[in-house]
Amino acid sequence: MTSSSRCELITWERFYELSRKLSLELHKDAFQPEVIVAISRGGCMPARIVCDYLDIFDLDVIKIEHYHGVHKEKTAILRYPLSANISGKSVLLIDDVSDTGDSFELAIQHLLEKGKPAELKTAALHHKTVSSYIPDFYAELVREWRWIIYPWAVMEDLRSILEKMDTPSATIEDFALYIKQQHQLEVSRQTLEDLFSLLI
């Protein structure tokens with residue numbers, strides 16, 4: 001993300017609506033997953049909602065690190081591998097967003113190395129058209145690139161933006177103005193107070 005990239009803050013209500021939409025799209029399809037694998041950390045929350053909607057109890061997690069806040073690493077890294085046996089099963093791999101596509105590509109490679117699923121499909125809340133990978137299912141297509149801040153990563157992303165400011169001793173007011181001007185982003189006063197209190 002550049003110093004002036006647009007950001008979009010997803011509320012908990014919007015997240016749930018996107019997860020609901022994704023779940024209903026999956027329900028309409030002939031594909032019936034037996035196992036859901038979440039790409040941690042972003043895929044954990046939508047994966048749990050999809051499990052709830054589709055009545056799926058077999059949920060596993062792999063951890064792939066590509067972003068820390070808004071800072072992108074050069075390559076995606078598999079930190080924690082799959083523990084479930086997926087051989088012969090229908091598997092759905094879920095992440096929050098298909099941004100570059102690197103996390104999905106690494107995750108798919110890893111899953112196929114761990115076993116031979118009967119079927120493997122992918123899903124995300126958001127698919128950005130700039131991504132090299134297109135998930136089989138997604139709730140929303142993002143044609144105009146923007147950084148998406150999910151409700152479970154608000155502090156992490158705001159902290160990363162704050163660290164990139166030229167003024168290290170910025171006040172809450174300075175930061176609120178900065179994110180509005182540079183990122184078209186507005187967050188509540190309480191959120192900003194929480195952020196600054198955690199930095200003390």
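Strands here are DSSP runs of at least two residues, numbered from the N terminus. The model is predicted. Strand β7 covers residues 137–142, and E140 lies within this strand.

E140 has a relative accessible area of 18%. The cut-off for a buried residue is under 20%. E140 is therefore buried. Its side chain is joined to that of H126 by a polar contact of 3.3 Å.

Two helix pairs were examined next. Two packed helices are described by the angle between their axes and the distance between the axes.

Helix α1 spans residues 12–28, and helix α2 spans residues 44–54. Their axes cross at roughly 50° and come within 9 Å. This angle makes α1 oblique to α2. The crossing of the two helices is right-handed. On the α1 side, the contact involves W12, F15, Y16, S19, R20, L22, S23, L24, L26 and H27. These residues meet M45, P46, I49, V50, Y53 and L54 of α2. By class, the residues of this contact comprise 12 nonpolar, three polar and one charged.

Helix α5 (residues 172–183) packs against helix α6 (residues 189–198). The angle between them is about 120°, and the axes lie 10 Å apart. Angles over 145 degrees count as roughly antiparallel, and those from 65 to 115 as roughly perpendicular. Helices α5 and α6 are therefore oblique to each other. Their crossing is right-handed. From α5, the residues in contact are I172, E173, F175, A176 and I179. Their partners in α6 are R189, L192, E193, L195 and F196. Seven residues of this contact are nonpolar and three are charged, with no polar residue.

Helix α4 was examined for burial. This helix runs over residues 154–163. Seven of its 10 residues are buried, so α4 is largely enclosed by the rest of the structure. The buried residues are V154, E156, D157, L158, S160, I161 and L162. Charged residues are thus represented in this buried set, because Asp and Glu count as charged, and E156 and D157 are both buried.

Methods. Residues numbered from 1 in each chain as written. Predicted model: local features only at pLDDT ≥ 70, side-chain atom pairs only at ≥ 80, totals over all residues. Heavy atoms only, no water. Helix = DSSP H or I, 4+ residues; strand = E, 2+ residues; numbered from the N terminus. Buried < 20%, exposed > 50% of the residue type's maximum accessible area, 1.4 Å probe, protein only. Polar contact = N/O pair within 3.5 Å; in protein donor to acceptor, adjacent residues only side chain to side chain. Axes fitted to C-alpha atoms, helices over the stretch in contact; angles between N-to-C directions. Parallel < 35°, antiparallel > 145°, perpendicular 65-115°, else oblique. Left-handed = near helix turned anticlockwise from the far one by under 90°. Contact = heavy atoms within 4.5 Å.
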